[in-house]
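Here are my notes on the model. Please read them with the structure open.

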Amino acid sequence: MVGSSHEALHRIFQKEPGLLTSALQQVLSVPFPTPHDFAAMNVDLTEIEPIERRVDTLLRAETDEGSYLLVVESQGRPDERKRGSWPYYLSYLHEKYRCEPVLIVVTQNRATARWAEEPIHLGVRGMPSLTVRPFVLGPDNVPVIATRQEAERDVPLAVLSAMTHGRGRQAPAILESLAAALRTIDRDSAAALVQFVDSCLTDAQAQRMWRDLMTAMQYFWRHPLAEEVREEGREEGREEGRVADRADMILSILEWRGIPVPDAVRVRVASCADLDQLTAWSQRAVHATAADDLFAATE
């Protein structure tokens, strides 16, 4: 299982290497040639025993223009030690494999993205001998995919969107759209992508919503994460726990989106014991403009 957002943010590209080059081309507008083959490579760049250096993910992309090494670094916060490591990584890889290395930094944090985008200059000020310019994927350039149609067009990119933007008012629409899109791909691939998203959702309410959405997808129960969710369900009293969770999720979605929730709406949602009805209301909550819109089709 993927155990952290750090792992998920780079291992998603091991699972879906085509996502990395499409992100370069579509998100960052880099004229990167389309690969016809990928190969995972050893991430250990250690040369001298006391100094251990490892990249997060390393892929070799074969294109009609030649081979490229795609170096993916997942970055949770600024770390000046990395600014010393990244030029080393690229120089070492170029020397060892004699093909062009490309550095891509992935982050969920805007401040970290701005830090990572700064060029690294080594040498005389104003006339550096070496300059490194990382490509950065983060909240300011990864697209927000919040409709089912967009998510179905490019499921891996929708996964990256959820991993990057899965918090705040946009989270319900993003997660709902992705959940629907995952039904359009094969079950094993979807089950793996489910966990990448789960590992990156740092907002407890968003993660709770995501897990609730996933319980409706039968293949999800084959995934190790499902056992954790099932255990939570046993502890909470199975059906009663699911009803209470769904009611809380509806109110949370409205609150995330800045929609006032009158006491009458809160009471009606909290007192409903029909899981199917609550599911319908949760779907409406994603697009509602007022709390009463939950009930528009049932009045």
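**Aromatic pairs and overall build**

1. The count of aromatic pairs comes to five. Phe 32 and Tyr 68 form one of them, a tilted pair with 4.7 Å centre to centre and 55 degrees between the planes. This pair links distant parts of the chain, 36 residues apart. Phe 32 sits in the loop between helix H2 (17–27) and strand S1 (37–40), Tyr 68 in strand S3 (residues 66–74). Phe 32 is buried at 7% relative accessible area, and Tyr 68 is buried at 16%. Keep in mind that this is a predicted model.

2. Trp 281 and Phe 295 make an edge-to-face pair: 4.9 Å centre to centre, 75 degrees between the planes. Trp 281 belongs to helix H13 (residues 275–287), while Phe 295 lies in the segment after H13, 14 residues apart. Trp 281 counts as buried, with a relative accessible area of 3%. Phe 295 is buried too, at 3%.

3. Arg 268 lies over the face of its ring, 4.0 Å from the ring centre.

4. Tyr 88, Tyr 89 and Tyr 92 form a cluster linked by ring pairs.

5. What is the disulfide count? It comes to zero. Cys 200 is buried at 2% relative accessibility. Cys 272 is also buried, at 13%.

6. Of its 299 residues, 49% count as buried. Among contacts between residues at least 6 apart in sequence, 64% join residues at least 24 apart. The chain exposes about 14700 Å², with 47% of that supplied by carbon and sulfur atoms.

How values were computed. Residues numbered from 1 in each chain as written. Predicted model: local features only at pLDDT ≥ 70, side-chain atom pairs only at ≥ 80, totals over all residues. Heavy atoms only, no water. Disulfide = S-S within 2.5 Å. Buried < 20%, exposed > 50% of the residue type's maximum accessible area, 1.4 Å probe, protein only. Contact = heavy atoms within 4.5 Å. Areas by Shrake-Rupley, 256 points an atom, 1.4 Å probe, with all protein chains shown as cover. Phe/Tyr/Trp six-rings, centres within 6.5 Å; stacked < 30°, edge-to-face > 60°. Helix = DSSP H or I, 4+ residues; strand = E, 2+ residues; numbered from the N terminus. Lys NZ or Arg CZ within 6 Å of the ring centre and 35° of its normal.
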